Amino acid sequence: MATAAKRPKQVAVGGSPAEDGSADALSGFLDWCETVGLELSPKVYVSKEGTVSDYGLLAREDLQIGEVLFTIPRAVLLSQHTTSIRSLLEKDQASLESQSGWVPLLLALLHEYTASNSHWRPYFSLWPDFSSMDHPMFWPEEERMRLLQGTGILEAVDKDLANIQLEYTSIILPFMESHLDLFDPKLHTPELYQRLVAFVMAYSFQEPLDEEDEDEKEPNPPMMVPMADILNHVANHNANLEYSLECLKMVTTQPIGKGQEIFNTYGQMANWQLLHMYGFAEPYPGNTDDTADIQMVTVRRAALQGASTEAERQLVSEQWDFLCQLEMVGEEGAFVIGWEEVLTEEELSMTLKVLCMAAEEFKEFKEHEGWEEDTEDEESFTLSNETIPRLKASWKKLLHDSALLTLQSYSSDLKAEQDLLNDKVAYGKLSRREQQALQVRYGQKRILHQLLELAS
């Protein structure tokens, strides 16, 4: 599935659209769309009124399944292949390779966003203020630690910030210094670069690979898709972006009533991923794609905790090393638990199986290099709400203890957060960041508590 990345939606603050200039920006953007051949159906309109937050797309009249809402010619997309500095980016391609694969697009954005004659200026003017982006990477470290401990976001942000600094100093700055006719390091600063990384995280789209290419090819580089990035996201979306050789089309996937908002999807994303990448979370219980992670090393910790002798602890260490050789676990990996099932069931099944083996059984299993002569019941590799209660007692205990240890990594408990969510006055007094973080933590804890019950 393509990741339809997208900007964080802000709750509109301050004056009316007319007062803050956004009405002019919107009409300028819509005029530009017409000029460049981006066709918007007369059955829909862009507005700040009646949307879940900020700009969105609404139905002017009833829509049926399969209706085209807008068509975007490929020339309108902003990417490393359409920017005015594309030939330069192609020439220096080898030196612009990075772990993220985003550097060429980010250089295109650095240039286009600050060039007064940019073809995409009316598009940018619709979103003039990068400082309103509220990804956790922009929160003070103390606030991140306090609100997001245990969610997985802290580790993701630390990685992002390290990568941004490395890319800027080792790739972006040398490129700019060799093209000072186009770039000014005093204008194109590390701060602007970080804002643009968040912009790409939150607004960009990646075109899906053909199914036959999925295993062999690198993912397509991200690109900016004017108009498509105006749509807000919900898990239960009612429109989808379709790709063809000449253009991209937003098409309805459900009937939509007059006046209703039209939602796209960014893929199946848990709330922690939404907050990390887009700056918002879906209010509980709206996100049916929500998940909770149990760190792989936490399961090892739970197994060691259950070992009562030195020989048993030694066995756990050997079993863990063997699982690492099988590439089922790693020091930084996580098992992903969804509402209905475990999304990493093969890895978690094998881990529970191996860590719960007696010494003799493990010795025999290792001799067969992890393959058993008798094929076990397939159900042993299915970890769902239906099958977890039927697992062996030792497996359930290890799963239960691992979930318990994971819950201890948060700085608050489920009941306190439930009370806060149920108290509309108290919840309303929280800052936006506190509300978003609470939604992330609460969904994860609910999933972990459900797992505790299933594994009791």
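How many helices and strands does the protein chain have? The protein chain has 17 helices and 10 strands, where helices (H or I, at least four residues) and strands (E, at least two) are DSSP runs numbered from the N terminus. Please keep in mind that this is a predicted model, in which local features need pLDDT of at least 70 and side-chain atom pairs count only at pLDDT 80 or more, while totals for chains, interfaces and linings use all residues. Residues are numbered from 1 along each chain as its sequence is written, and side-chain values use heavy atoms, with hydrogens and water left out.

Let us start with the overall form. Along the principal axes, the C-alpha atoms of the protein chain fill a box of roughly 75 × 55 × 45 Å. Of the 456 residues, 50% are buried (under 20% relative accessible area; exposed is over 50%, and partly exposed lies in between, with a 1.4 Å probe and protein chains only). Among contacts (heavy atoms within 4.5 Å) between residues at least 6 apart in sequence, 72% join residues at least 24 apart.

Four strands form an open sheet in the order 2-3-8-5, with mixed pairing; two strands pair if DSSP finds at least two bridges between them. Its edge strands are strand 2 (44-47) and strand 5 (232-233), each pairing on one side only. Strand 5 runs parallel to strand 8 (residues 261-264), and 2 bridges join them. Within strand 8, phenylalanine 263 is the bridge partner of asparagine 232. In general, strands of a sheet pair through backbone hydrogen bonds, either parallel or antiparallel.

Next, visit helix 10 (residues 296-305), where threonine 298 is found. Threonine 298 counts as buried because its relative accessibility is 10%. Apart from neighbours within four places in sequence, threonine 298 is in contact with Ser402, Leu405 and Thr406.

Finally, what about the cysteines? The structure holds 0 disulfides, a disulfide being a pair of cysteine sulfur atoms within 2.5 Å. For cysteine 324, which is in no disulfide, the nearest cysteine sulfur is that of cysteine 356, 16 Å away. Cysteine 324 counts as partly exposed because its relative accessibility is 28%, and cysteine 356 is partly exposed too, with a relative accessible area of 23%.
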